Amino acid sequence: MASHRKPRTSVLASPTGRRTAAGLTTAALASVTLLSQSADAAPRAPKPTVEEVKQKVDDLYHQAEVATQKYNAAKERADGQRHTVDRLLDASAKRAEKMNESRRLLGTFASAQYRTGGMNPTAQLMLAKDPQQFVDRNHLMERLTGRQKQAVTDYQEQQAAATKQRAEATRSLERLQASQASLKESKRSVQDKLAEARQLLSRLTAQEKARLAELERQKEAAAKRRAAEEARKQQERERQRQQDGDGSTGGSTGGGSTGDSATSKGAKALAFARAQIGKPYVWGATGPTSYDCSGLTQAAWKAAGVDLPRTTWDQVKVGQRVATKDLQPGDLVFFYDDISHVGMYLGDGKMVHAPKPGASVREESIYYMPIYGSVRPG
(Lines give C-alpha, C1' and ligand atoms only; values in the text may rest on other atoms or scores of the structure.)
Protein backbone atom coordinates (compact mmCIF):
# COMPACT_ATOMS: atom_id res chain seq x y z
CA MET A 1 0.00 0.00 0.00
CA ALA A 2 1.38 3.33 -1.01
CA SER A 3 2.40 5.54 1.83
CA HIS A 4 1.08 9.07 2.00
CA ARG A 5 3.28 11.90 3.28
CA LYS A 6 1.74 14.65 5.31
CA PRO A 7 2.17 17.92 3.44
CA ARG A 8 4.86 20.21 4.92
CA THR A 9 3.60 23.40 6.41
CA SER A 10 5.51 26.52 5.42
CA VAL A 11 5.50 29.69 7.35
CA LEU A 12 6.25 31.60 4.19
CA ALA A 13 3.36 29.97 2.40
CA SER A 14 0.71 31.95 4.24
CA PRO A 15 0.22 35.70 4.40
CA THR A 16 0.56 35.50 8.14
CA GLY A 17 3.89 33.70 7.83
CA ARG A 18 5.18 36.25 5.35
CA ARG A 19 4.26 39.05 7.71
CA THR A 20 6.01 37.26 10.59
CA ALA A 21 9.19 36.73 8.57
CA ALA A 22 9.15 40.31 7.44
CA GLY A 23 8.78 41.41 11.04
CA LEU A 24 11.74 39.30 12.10
CA THR A 25 13.89 40.63 9.28
CA THR A 26 13.05 44.20 10.15
CA ALA A 27 13.88 43.58 13.79
CA ALA A 28 17.21 41.99 12.88
CA LEU A 29 18.12 44.92 10.64
CA ALA A 30 17.18 47.33 13.37
CA SER A 31 19.41 45.46 15.83
CA VAL A 32 22.36 45.56 13.43
CA THR A 33 21.82 49.28 12.87
CA LEU A 34 21.70 49.96 16.60
CA LEU A 35 24.87 47.95 17.17
CA SER A 36 26.59 49.84 14.38
CA GLN A 37 25.47 53.16 15.81
CA SER A 38 26.65 52.10 19.28
CA ALA A 39 30.08 51.19 17.89
CA ASP A 40 30.35 54.50 16.06
CA ALA A 41 29.29 56.32 19.20
CA ALA A 42 32.07 54.71 21.31
CA PRO A 43 34.32 57.50 22.62
CA ARG A 44 37.65 57.80 20.86
CA ALA A 45 40.77 59.01 22.58
CA PRO A 46 41.35 62.62 21.58
CA LYS A 47 44.39 63.29 19.45
CA PRO A 48 47.16 64.78 21.58
CA THR A 49 47.94 68.44 21.03
CA VAL A 50 51.30 69.50 19.63
CA GLU A 51 52.21 70.79 23.10
CA GLU A 52 51.44 67.36 24.60
CA VAL A 53 53.46 65.62 21.90
CA LYS A 54 56.40 67.94 22.57
CA GLN A 55 56.23 67.23 26.29
CA LYS A 56 56.06 63.49 25.67
CA VAL A 57 58.97 63.55 23.20
CA ASP A 58 61.07 65.66 25.57
CA ASP A 59 60.36 63.17 28.36
CA LEU A 60 61.33 60.26 26.13
CA TYR A 61 64.61 61.93 25.16
CA HIS A 62 65.31 62.56 28.83
CA GLN A 63 64.57 58.92 29.68
CA ALA A 64 66.79 57.84 26.80
CA GLU A 65 69.61 59.96 28.19
CA VAL A 66 69.26 58.31 31.60
CA ALA A 67 69.36 54.93 29.87
CA THR A 68 72.41 56.09 27.91
CA GLN A 69 74.28 56.84 31.12
CA LYS A 70 73.34 53.38 32.40
CA TYR A 71 74.64 51.95 29.14
CA ASN A 72 77.89 53.91 29.50
CA ALA A 73 78.34 52.64 33.06
CA ALA A 74 77.59 49.04 32.05
CA LYS A 75 79.97 49.27 29.09
CA GLU A 76 82.73 50.61 31.32
CA ARG A 77 82.18 47.74 33.77
CA ALA A 78 82.13 45.19 30.95
CA ASP A 79 85.32 46.59 29.42
CA GLY A 80 87.03 46.51 32.82
CA GLN A 81 85.91 42.96 33.53
CA ARG A 82 86.97 41.84 30.07
CA HIS A 83 90.44 43.26 30.72
CA THR A 84 90.55 41.50 34.09
CA VAL A 85 89.48 38.19 32.58
CA ASP A 86 92.12 38.46 29.83
CA ARG A 87 94.79 39.25 32.41
CA LEU A 88 93.76 36.30 34.59
CA LEU A 89 93.71 33.92 31.64
CA ASP A 90 97.21 35.01 30.62
CA ALA A 91 98.44 34.63 34.19
CA SER A 92 96.75 31.23 34.46
CA ALA A 93 98.47 30.02 31.29
CA LYS A 94 101.87 31.12 32.64
CA ARG A 95 101.07 29.48 35.99
CA ALA A 96 100.13 26.23 34.27
CA GLU A 97 103.48 26.24 32.47
CA LYS A 98 105.33 26.72 35.75
CA MET A 99 103.31 23.92 37.32
CA ASN A 100 104.16 21.65 34.41
CA GLU A 101 107.86 22.46 34.86
CA SER A 102 107.62 21.53 38.53
CA ARG A 103 105.80 18.34 37.62
CA ARG A 104 108.44 17.44 35.01
CA LEU A 105 111.16 17.88 37.63
CA LEU A 106 109.28 15.57 40.00
CA GLY A 107 109.02 13.05 37.18
CA THR A 108 112.78 13.22 36.64
CA PHE A 109 113.41 12.42 40.28
CA ALA A 110 110.90 9.59 40.18
CA SER A 111 112.47 8.06 37.07
CA ALA A 112 115.91 8.14 38.66
CA GLN A 113 114.49 6.54 41.81
CA TYR A 114 112.91 3.77 39.72
CA ARG A 115 116.15 3.02 37.87
CA THR A 116 118.13 2.71 41.10
CA GLY A 117 115.70 0.72 43.17
CA GLY A 118 112.28 0.19 41.75
CA MET A 119 109.04 1.99 42.50
CA ASN A 120 109.60 2.66 46.17
CA PRO A 121 107.48 5.12 48.23
CA THR A 122 109.70 8.00 47.20
CA ALA A 123 109.00 7.35 43.52
CA GLN A 124 105.30 7.03 44.28
CA LEU A 125 105.49 10.44 45.87
CA MET A 126 107.10 11.91 42.76
CA LEU A 127 104.51 10.50 40.34
CA ALA A 128 101.42 11.05 42.47
CA LYS A 129 98.70 13.30 41.12
CA ASP A 130 98.29 14.75 44.60
CA PRO A 131 101.71 14.84 46.33
CA GLN A 132 100.12 16.40 49.41
CA GLN A 133 98.71 13.03 50.43
CA PHE A 134 102.25 11.65 50.61
CA VAL A 135 103.91 14.77 51.92
CA ASP A 136 101.71 14.58 54.98
CA ARG A 137 103.51 11.36 55.89
CA ASN A 138 106.66 12.46 57.68
CA HIS A 139 108.54 9.23 57.17
CA LEU A 140 108.41 9.71 53.39
CA MET A 141 109.54 13.31 53.58
CA GLU A 142 112.53 12.23 55.62
CA ARG A 143 113.77 10.13 52.70
CA LEU A 144 113.73 13.10 50.25
CA THR A 145 116.85 15.13 49.52
CA GLY A 146 116.81 18.88 49.98
CA ARG A 147 116.43 19.46 46.24
CA GLN A 148 113.60 16.96 46.04
CA LYS A 149 111.79 18.59 48.94
CA GLN A 150 112.08 21.97 47.22
CA ALA A 151 110.66 20.49 44.02
CA VAL A 152 107.64 19.16 45.91
CA THR A 153 107.16 22.50 47.67
CA ASP A 154 107.37 24.38 44.37
CA TYR A 155 104.80 22.08 42.80
CA GLN A 156 102.43 22.50 45.71
CA GLU A 157 102.74 26.28 45.56
CA GLN A 158 102.16 26.35 41.81
CA GLN A 159 99.18 24.06 42.15
CA ALA A 160 97.59 26.16 44.91
CA ALA A 161 98.18 29.38 42.96
CA ALA A 162 96.67 27.85 39.83
CA THR A 163 93.58 26.77 41.74
CA LYS A 164 93.18 30.27 43.18
CA GLN A 165 93.58 31.88 39.78
CA ARG A 166 91.02 29.55 38.22
CA ALA A 167 88.50 30.48 40.92
CA GLU A 168 89.22 34.19 40.46
CA ALA A 169 88.86 33.89 36.68
CA THR A 170 85.53 32.11 37.12
CA ARG A 171 84.21 34.90 39.34
CA SER A 172 85.43 37.53 36.89
CA LEU A 173 83.72 35.74 34.02
CA GLU A 174 80.46 35.71 36.00
CA ARG A 175 80.78 39.45 36.65
CA LEU A 176 81.52 40.00 32.97
CA GLN A 177 78.39 38.11 31.98
CA ALA A 178 76.32 40.20 34.42
CA SER A 179 77.80 43.42 33.01
CA GLN A 180 77.08 42.29 29.48
CA ALA A 181 73.46 41.50 30.40
CA SER A 182 73.10 44.95 31.96
CA LEU A 183 74.68 46.47 28.85
CA LYS A 184 72.20 44.69 26.61
CA GLU A 185 69.25 45.81 28.73
CA SER A 186 70.37 49.45 28.78
CA LYS A 187 70.91 49.41 25.02
CA ARG A 188 67.43 48.03 24.44
CA SER A 189 65.95 50.68 26.75
CA VAL A 190 67.64 53.50 24.84
CA GLN A 191 66.49 52.13 21.50
CA ASP A 192 62.90 51.68 22.73
CA LYS A 193 62.67 55.27 24.02
CA LEU A 194 64.08 56.74 20.84
CA ALA A 195 61.84 54.58 18.64
CA GLU A 196 58.78 55.73 20.57
CA ALA A 197 59.82 59.37 20.20
CA ARG A 198 60.34 58.94 16.44
CA GLN A 199 56.94 57.30 16.12
CA LEU A 200 55.20 60.19 17.88
CA LEU A 201 56.93 62.73 15.64
CA SER A 202 56.15 60.76 12.47
CA ARG A 203 52.40 61.07 13.15
CA LEU A 204 52.45 64.86 13.07
CA THR A 205 51.15 66.71 10.05
CA ALA A 206 53.27 69.33 8.30
CA GLN A 207 51.32 72.04 10.09
CA GLU A 208 51.84 70.35 13.46
CA LYS A 209 55.57 69.97 12.80
CA ALA A 210 55.77 73.68 12.03
CA ARG A 211 54.00 74.41 15.31
CA LEU A 212 56.41 72.09 17.15
CA ALA A 213 59.39 73.92 15.64
CA GLU A 214 57.89 77.24 16.75
CA LEU A 215 57.48 75.97 20.32
CA GLU A 216 61.12 74.90 20.29
CA ARG A 217 62.21 78.35 19.06
CA GLN A 218 60.20 80.00 21.82
CA LYS A 219 61.86 77.81 24.44
CA GLU A 220 65.32 78.58 23.06
CA ALA A 221 64.56 82.30 22.95
CA ALA A 222 63.43 82.28 26.59
CA ALA A 223 66.62 80.46 27.61
CA LYS A 224 68.75 82.99 25.70
CA ARG A 225 66.99 85.90 27.40
CA ARG A 226 67.66 84.30 30.78
CA ALA A 227 71.33 83.82 29.88
CA ALA A 228 71.66 87.44 28.74
CA GLU A 229 70.04 88.68 31.94
CA GLU A 230 72.34 86.56 34.13
CA ALA A 231 75.37 87.74 32.13
CA ARG A 232 74.31 91.35 32.71
CA LYS A 233 73.98 90.72 36.45
CA GLN A 234 77.42 89.10 36.51
CA GLN A 235 78.96 92.11 34.81
CA GLU A 236 77.34 94.38 37.38
CA ARG A 237 78.77 92.28 40.20
CA GLU A 238 82.22 92.49 38.61
CA ARG A 239 82.03 96.27 38.31
CA GLN A 240 80.88 96.53 41.90
CA ARG A 241 83.80 94.43 43.12
CA GLN A 242 86.25 96.58 41.19
CA GLN A 243 84.73 99.71 42.67
CA ASP A 244 85.08 98.20 46.11
CA GLY A 245 88.79 97.62 45.44
CA ASP A 246 88.56 93.86 44.92
CA GLY A 247 90.20 92.95 41.65
CA SER A 248 89.23 89.26 41.76
CA THR A 249 87.35 87.75 38.86
CA GLY A 250 84.75 86.14 41.06
CA GLY A 251 85.77 82.58 40.26
CA SER A 252 86.35 80.00 42.96
CA THR A 253 89.78 78.95 41.79
CA GLY A 254 91.46 79.72 45.08
CA GLY A 255 93.87 82.23 43.49
CA GLY A 256 97.56 81.87 42.71
CA SER A 257 99.06 79.26 40.44
CA THR A 258 96.34 76.71 41.21
CA GLY A 259 93.68 79.05 39.86
CA ASP A 260 95.79 79.93 36.82
CA SER A 261 96.34 76.22 36.13
CA ALA A 262 92.63 75.44 36.37
CA THR A 263 91.81 78.34 34.08
CA SER A 264 94.40 77.24 31.54
CA LYS A 265 93.16 73.66 31.49
CA GLY A 266 89.57 74.83 31.26
CA ALA A 267 90.45 76.97 28.25
CA LYS A 268 92.09 73.97 26.54
CA ALA A 269 89.12 71.73 27.27
CA LEU A 270 86.72 74.36 25.97
CA ALA A 271 88.76 74.87 22.80
CA PHE A 272 88.51 71.15 22.10
CA ALA A 273 84.76 71.10 22.75
CA ARG A 274 84.14 74.06 20.44
CA ALA A 275 86.13 72.33 17.70
CA GLN A 276 83.55 69.50 17.82
CA ILE A 277 80.58 71.80 17.08
CA GLY A 278 78.54 70.36 14.24
CA LYS A 279 79.40 66.72 14.94
CA PRO A 280 76.33 64.53 15.60
CA TYR A 281 75.06 63.32 18.93
CA VAL A 282 75.21 59.53 19.08
CA TRP A 283 74.39 57.81 22.35
CA GLY A 284 77.34 55.90 23.78
CA ALA A 285 79.83 57.72 21.53
CA THR A 286 83.11 59.21 22.76
CA GLY A 287 84.46 60.62 19.48
CA PRO A 288 86.16 61.51 17.36
CA THR A 289 83.31 61.71 14.82
CA SER A 290 80.34 61.75 17.23
CA TYR A 291 79.60 62.14 20.93
CA ASP A 292 77.03 61.84 23.64
CA CYS A 293 77.00 64.50 26.36
CA SER A 294 79.45 62.92 28.82
CA GLY A 295 81.55 61.50 25.99
CA LEU A 296 82.17 65.05 24.78
CA THR A 297 83.15 66.44 28.18
CA GLN A 298 85.38 63.44 28.88
CA ALA A 299 87.19 63.84 25.54
CA ALA A 300 87.51 67.62 25.97
CA TRP A 301 89.10 67.44 29.40
CA LYS A 302 91.34 64.58 28.29
CA ALA A 303 92.70 66.96 25.65
CA ALA A 304 93.56 69.29 28.56
CA GLY A 305 95.40 66.51 30.38
CA VAL A 306 92.65 65.57 32.85
CA ASP A 307 91.06 62.12 32.92
CA LEU A 308 87.34 62.23 33.72
CA PRO A 309 85.10 59.22 34.42
CA ARG A 310 82.72 58.10 31.69
CA THR A 311 79.28 58.90 33.11
CA THR A 312 77.66 62.14 34.28
CA TRP A 313 77.02 60.49 37.64
CA ASP A 314 80.76 60.05 38.18
CA GLN A 315 81.91 63.25 36.49
CA VAL A 316 79.86 65.34 38.92
CA LYS A 317 81.98 63.94 41.77
CA VAL A 318 85.29 65.09 40.26
CA GLY A 319 86.74 68.50 40.98
CA GLN A 320 85.58 71.54 42.90
CA ARG A 321 81.91 72.44 43.23
CA VAL A 322 81.11 75.85 41.71
CA ALA A 323 78.08 78.10 42.12
CA THR A 324 76.28 79.05 38.90
CA LYS A 325 77.17 82.71 39.41
CA ASP A 326 80.88 81.80 39.65
CA LEU A 327 81.12 79.65 36.51
CA GLN A 328 84.21 79.98 34.35
CA PRO A 329 84.89 78.68 30.82
CA GLY A 330 85.51 74.94 30.85
CA ASP A 331 83.45 74.24 33.99
CA LEU A 332 80.99 71.35 33.78
CA VAL A 333 77.30 72.13 34.23
CA PHE A 334 74.98 69.24 35.11
CA PHE A 335 71.24 69.12 34.54
CA TYR A 336 68.09 67.52 35.99
CA ASP A 337 67.72 66.02 39.43
CA ASP A 338 68.97 62.68 38.10
CA ILE A 339 72.16 64.31 36.73
CA SER A 340 71.57 62.76 33.31
CA HIS A 341 73.03 65.54 31.15
CA VAL A 342 76.19 67.66 31.15
CA GLY A 343 77.56 70.57 29.16
CA MET A 344 80.74 72.67 29.22
CA TYR A 345 80.43 76.30 30.22
CA LEU A 346 81.34 78.78 27.51
CA GLY A 347 80.62 82.10 29.18
CA ASP A 348 77.76 84.63 29.27
CA GLY A 349 75.31 81.96 30.39
CA LYS A 350 76.06 79.65 27.45
CA MET A 351 77.58 76.18 27.08
CA VAL A 352 78.84 73.75 24.46
CA HIS A 353 77.13 70.36 24.66
CA ALA A 354 75.94 67.31 22.73
CA PRO A 355 72.18 67.77 23.16
CA LYS A 356 70.17 64.75 22.01
CA PRO A 357 69.63 62.29 19.14
CA GLY A 358 69.02 64.07 15.86
CA ALA A 359 71.01 67.12 16.96
CA SER A 360 74.67 68.06 16.72
CA VAL A 361 77.18 69.48 19.19
CA ARG A 362 76.26 73.15 19.57
CA GLU A 363 76.24 76.22 21.77
CA GLU A 364 73.17 76.76 23.88
CA SER A 365 71.98 78.58 26.98
CA ILE A 366 72.60 76.74 30.24
CA TYR A 367 69.07 77.75 31.20
CA TYR A 368 67.53 75.58 28.49
CA MET A 369 67.30 72.76 31.07
CA PRO A 370 67.00 72.75 34.89
CA ILE A 371 70.48 73.06 36.40
CA TYR A 372 71.55 70.52 39.00
CA GLY A 373 74.98 71.94 39.82
CA SER A 374 78.47 72.57 38.46
CA VAL A 375 82.06 71.43 39.03
CA ARG A 376 85.50 72.59 37.97
CA PRO A 377 87.76 69.62 37.07
CA GLY A 378 91.52 69.71 37.14
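Modeller: Start with pairing: two strands pair if DSSP finds at least two bridges between them. Keep in mind that this is a predicted model.

Colleague: What makes strands S3 and S4 a pair?

Modeller: Three bridges join S3, residues 341-347, to S4, residues 350-353. The definition asks for at least two, so S3 and S4 pair. The two strands run antiparallel. In this pairing Met 344 stands opposite Val 352 of S4. The hairpin of S3 and S4 has two residues between the strands, and Asp 348 takes a positive phi there, near 55 degrees.

Colleague: How do you know that S4 and S5 pair?

Modeller: Four bridges join S4 to S5. At least two are needed, so S4 and S5 pair, and they run antiparallel. Met 351 stands opposite Glu 364 in S5.

Colleague: On to single residues. Why is Asp 331 called buried?

Modeller: Asp 331 has a relative accessible area of 2%. Buried means under 20%, so Asp 331 is buried. Its place is in the loop between strand S1 (320-322) and strand S2 (332-335).

Colleague: What makes the pair of Asp 331 and Arg 376 a polar contact?

Modeller: The side chains of Asp 331 and Arg 376 come to 2.8 Å.

Colleague: Which residues does Asp 331 touch, not counting residues up to four places away in sequence?

Modeller: Asp 331 touches Val 322, Asp 326, Gly 343, Met 344, Tyr 345, Val 375 and Arg 376. Met 344 is the residue opposite Val 352.

Colleague: Is Met 369 buried or exposed?

Modeller: Met 369 has 9% relative accessibility. That is under 20%, so Met 369 is buried. Met 369 sits in the loop between S5 and strand S6 (371-376). Leaving aside neighbours within four places in sequence, Met 369 is in contact with Phe 335, Tyr 336, His 341, Met 351 and His 353. The C-alpha atoms of Met 369 and Phe 335 are separated by 6.4 Å, though the two residues are 34 apart along the chain.

Colleague: Now the spaces. What is the volume of the second largest pocket?

Modeller: The second largest pocket has a volume of about 300 Å³. Of its 17 lining residues, Asp 58, Lys 219, Tyr 336, Tyr 368 and Met 369 are the closest to its centre. Helix H2 (50-117) gives the most to this lining, with six residues. Strand S5 (362-365) supplies at least two.

Colleague: How does the lining of that pocket divide by class?

Modeller: The lining of the second largest pocket has six nonpolar, four polar and seven charged residues. Asp and Lys count as charged, so Asp 58 and Lys 219 fall in the charged group.

Colleague: What makes the other space a cavity?

Modeller: In a cavity a 1.4 Å probe fits but cannot get out. The search finds one such space of 30 Å³ or more. The largest cavity holds about 40 Å³. Its lining includes Tyr 61, Trp 283 and Pro 355. By class, that lining has eight nonpolar, one polar and two charged residues. H2 gives the most here too, with four residues. Helix H6 (146-202) supplies at least two.

Terms used: Residues numbered from 1 in each chain as written. Predicted model: local features only at pLDDT ≥ 70, side-chain atom pairs only at ≥ 80, totals over all residues. Heavy atoms only, no water. 1 Å grid on protein atoms, 1.4 Å probe; cavity = no way out; pocket = protein on both sides within 12 Å on 5 of 7 lines; lining within 4 Å. Points joined across faces, edges and corners; volume = space filled by probe spheres on them. Buried < 20%, exposed > 50% of the residue type's maximum accessible area, 1.4 Å probe, protein only. Polar contact = N/O pair within 3.5 Å; in protein donor to acceptor, adjacent residues only side chain to side chain. Contact = heavy atoms within 4.5 Å.
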